[in-house]
Amino acid sequence: MMRKILSTFAITVLAVTLLSSCLNSADEDSLSYDDTAITSFSVGKLNLYLHTTSSTGADSVYQKTVEGKNQRFYIDQIAGVIYNPDSLPYGTDAAHVLVFIGTKNGGGIALKSLTSDSLSYFSDKDSIDFTSPRVFRVFSYSQQAQRDYTVHVNVHKEIGSAFNWKKVGESTAFAQFQGMKAVACNGKMYLFGRNGSHTEIYASENGTDWTGTNTLMEADAYKSVVVKGDALFVFDNGNVRKMDGSSWTDISSPQNVKQLVGSSEKALYAVGKNREVLMSADDGITWTEETVADNAAMLPVQDFSLVAMPLKTNPELSRLTLLGNRNAGATSQDSTATVWFKIEEGSTAGEWSHIPFADGNRYPMPYLKGTTAVAYGDDILAMGGGGQGTDASASFSTAYTSKDGGITWKPAPTYNVPKELSSNGIFALMKDKNNYLWLICGGTGQIWRGRLNSLGWAAEQKTFTE
């Protein structure tokens, strides 16, 4: 009898336990299936329409395909916004887009009309017009919850590789300079120009309105203007000087420095009186001679440009490219500029190596008057006045870019100056914080500005759930 009672009790407890477990499981599923969210978003293949011009000048349009699977879309679950931070190429057909959407627990999806609040069933077989943002509504599996998402399929409205120069001003003061250099520093632009026996300094916040300062420096001081961080440096009358704000402070009076030539994030660089390369890791207070691995006779003596760019394989290291010219009178047979480089591994002295333009190199940097180079995008961009030595190039006839740190320099017609630009061969070239290039011309005082479209595009946030 007792065994029968215990057996009945055990069965009863087991039944209650199983029932409780089932109820808990049902409750959890109920809560889960009331949740709703879009968890993934992608687009199918897209049509890209490009314009081209034939050799006869006739315009035509041809079609290409863009792989939508390569376009990454980000989902801001808090704001309910979905977008591609890297916009699709200019010319992409955004009016006919196939979309693939994943939802939590297989929730249903509806698409809101462009002209009313009506909804239609979403199908990944039907193309959608994304020329303006579209609203998708996702429903939970239980149909008890819903949520809206606004989707932007971003397409560039301009060709990223296009560049246009625009004349923005003209200055009679600049027209008379016998030499000049322009730099951008701490939100302002500065032009240092030689006027007879001294260097004058002008400042501007917009590049069109320039104000002269009361500071005068020696005639060749303009050649030694260097920006490092938020400070300007110059070598003037035997002194390294630094400008913080609007006042100049003498830093040091090094006996071996002849001219400042550039900077990296870690150091200032100069050439010495005996053609040595010098480095200062303490903002010009002390200077250390660097090792020159090759023929020092090939070091430049004028028209210096130093470009520091992080290595693509290791951004913590920088490749420094030193571009310049040898003395025109002593090298009348030269046809190319001279280029050196080093890998900067820290704030210690390094070794410089010469890049020879061997006979097999079809793309050397020509020997141009006043050659100036700047880092622009992932390239080094250089241009100059008329050819020197055996080079017969006309002033500003061609711009050049190097994608390999100065080894090859290919003509870059994208940056060629317009015919309306007029200069006596004296000029200043600089890049500002917004990636605009500025070209200031001697002889006329013309001021030109241009920017590669892609370098003006804002970077979208990429920290949301994909």
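**Entry 1: strand E21**

I looked at which way the side chains of E21 go: Leu 268, Ala 270 and Gly 272 point one way, Tyr 269 and Val 271 point the other way, and all are buried. Buried here means under 20% relative accessible area, with exposed over 50% and partly exposed in between (1.4 Å probe, protein chains only). The strand covers residues 268–272, and five of its five residues are buried. I note that strands (E, at least two residues) and helices (H or I, at least four residues) are DSSP runs, numbered from the N terminus.

A reminder on what I am reading: this is a predicted model, where local features need pLDDT of at least 70 and side-chain atom pairs count only at pLDDT 80 or more, while totals for chains, interfaces and linings use all residues. Residues are numbered from 1 along each chain as its sequence is written, and side-chain values use heavy atoms, with hydrogens and water left out.

**Entry 2: partners of E21**

I checked pairing next; two strands pair if DSSP finds at least two bridges between them. Strand E20 (residues 257–263) runs antiparallel to E21 and is joined to it by five bridges, with Gln 259 partnered by Val 271. Four residues lie between E20 and E21 in their hairpin.

Strand E22 (residues 277–280) is also antiparallel to E21, through four bridges. There I found Tyr 269 opposite Met 279. The hairpin of E21 and E22 has four residues between the strands, and Arg 275 takes a positive phi near 70° in it.

**Entry 3: an open sheet**

I then traced four strands that form an open, antiparallel sheet in the order E29-E30-E31-E32. E29 (372–376) and E32 (410–411) stand at the edges with a single partner strand each, so one side of each has no neighbour in the sheet. E29 and E30 (residues 379–383) run antiparallel and share five bridges; Tyr 376 stands opposite Asp 379 in E30.

**Entry 4: Asn 453**

Is Asn 453 buried or exposed? I have it down as buried, because its relative accessibility is 17%. Asn 453 sits in the segment after strand E35 (446–452). Leaving aside neighbours within four places in sequence, its contacts (heavy atoms within 4.5 Å) are Glu 158, Ile 159, Gly 160 and Ala 162.
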